[in-house]
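This report looks at side-chain packing in one model.

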Amino acid sequence: MALSRGLRCCQRVFGWVPVAIITLVVLWSYYAYVFELCLVTVTSSIEKVAYLTIFHVIFLFFIWTYWKSIFTLPQQPDKKFHMSYADKERYENEERPEGQRQILAEMARKLPVYTRAGNGAIRFCDRCQLIKPDRCHHCSVCAMCVLKMDHHCPWVNNCIGFSNYKFFLLFLAYSLLYCLYIAATVFKYFIKYWTEELTNGRAKFHILFLLFVAIMFFVSLLFLFGYHCWLVSQNRSTLEAFSAPVFPTGPDKNGFNLGIKKNLQQVFGEKKRLWFLPVISSQGDGHFFPTRTLSEARNPLLASEEQWEEDGLDDDNLDYNQGSSISVEMET
């Protein structure tokens, strides 16, 4: 037990190493751009003011979204998805797998879950002792079940899911913009130093290296951001892209795809003025998601509308369905 706690403590400490590396790189880039480029190298006052003003606006949004991605805690399933004491006793005392599956099926009838495990069973997490909501997965790094889990990101030392996926996407977008702006404004002075039109040795090192770092990060982030834009357009998580969610009719990689407009609204919300701000605007609460009309029409477990009304759910012509499956633990 003591060894396990020690390893967990070490894991938490070392988990901040990638964040510390990114923070140091960002602090250096700030110093190199503001002091070595704008204050030392650039001679035009108008150019200095313009460069510094635009830079600090982009830098503010970049830091803001990075902070929100790191410190927005992953959202866990509501208490009603956890086993009650009585159900837990029944489940533990039942030795037959068929009996255990029946107990979970009885519990799932009261919950708005629709997806299943690959073998058709209810999605259940043994560690958290709960029935998983649709699109929820257990993260072994965070040691918890995370609503609409996408992946565990070491660069923010956090699990990316329903509560912070919008912030993560904005972080990638503003990171790209930050790198692009630095590269575009530094390039002219890079050429001057390269051709020895300018000779300041210290500033030359920072500016040359700043351009290379900005381009390197821009290229790597461009592929990652493009991939997540595609995921949003298809209404899939990273996990669902690798393993299609299983519905009562079978696996369906497009089961949650409602069209690009509605897919975007699920992540960014309906108010477009909030799309580019790192504030909460995503639709729903992360426990249930509308599915395609075709999947709903073929759902044999669809309950009566009265049951959803009792739970206070407004399906708005897109039913939130019942379902099932056992846990597929994600190791990162």
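The model is predicted. Its aromatic pairs number 27.

| Ring pair | Centre distance | Plane angle | Class |
|---|---|---|---|
| F61 and W64 | 6.0 Å | 35 degrees | tilted |
| F205 and F209 | 6.0 Å | 10 degrees | stacked |

The F61 and W64 pair is tilted because its planes stand at 35 degrees, and a stacked pair needs planes under 30 degrees apart. Both residues belong to helix 3, which covers residues 45-71. They are three residues apart, about one turn of the helix. W64 is partly exposed, at 33% relative accessible area.

The planes of F205 and F209 are at 10 degrees, so this pair counts as stacked. Its two residues sit in helix 7, residues 201-234. Their spacing is four residues, again about one turn of the helix. F205 is exposed, with a relative accessible area of 51%. F209 is partly exposed, at 42%.

Ring pairs also build a cluster. Its members are Y30, Y33, F55, F59, F62, Y66, F171, Y178 and Y181.

**Charges over rings**

Which ring lies under the charged end of R135? It is the ring of F256, with the charged end 4.3 Å from the ring centre. K272 places its charged end over the ring of W275, 6.0 Å from the centre.

**Nonpolar cores**

The largest nonpolar core holds 51 residues. Y33, L37, F55, Y165, I182 and V186 touch the most other members. Helix 2 (17-41), helix 3, helix 6 (165-194), helix 7 and helix 9 (260-268) each give at least two residues. Helix 6 supplies the largest share, 17 residues.

What does V186 touch beyond its neighbours within four places in sequence? Its contacts there are Y33, L37, I207, L210 and L211.

A second core is separate and has 12 residues. M83, Y91, M107 and I131 are among them.

**Annotated spans**

An unreviewed UniProt entry lists residues 12-33, 49-67, 167-191 and 203-227 under "transmembrane region". In the model, residues 12-33 are 91% helix and 0% strand. The end C-alpha atoms of that span are 33 Å apart. Residues 49-67 are 100% helix and 0% strand. Their end C-alpha atoms lie 27 Å apart.

**Cysteines**

How many disulfides does a search of the whole structure find? The count is zero. A disulfide is a covalent bond between the sulfur atoms of two cysteines. The closest cysteine sulfur to that of C9 belongs to C10, at 5.8 Å, which is too far for a bond. The cut-off is 2.5 Å. C10 is likewise in no disulfide, its nearest cysteine sulfur being that of C9.

How values were computed. Residues numbered from 1 in each chain as written. Predicted model: local features only at pLDDT ≥ 70, side-chain atom pairs only at ≥ 80, totals over all residues. Heavy atoms only, no water. UniProt positions renumbered as here; feature names shortened; annotations may be inferred. Phe/Tyr/Trp six-rings, centres within 6.5 Å; stacked < 30°, edge-to-face > 60°. Buried < 20%, exposed > 50% of the residue type's maximum accessible area, 1.4 Å probe, protein only. Lys NZ or Arg CZ within 6 Å of the ring centre and 35° of its normal. Core = buried A, V, L, I, M, F, W, Y, C linked by side-chain atoms within 4.5 Å. Contact = heavy atoms within 4.5 Å.
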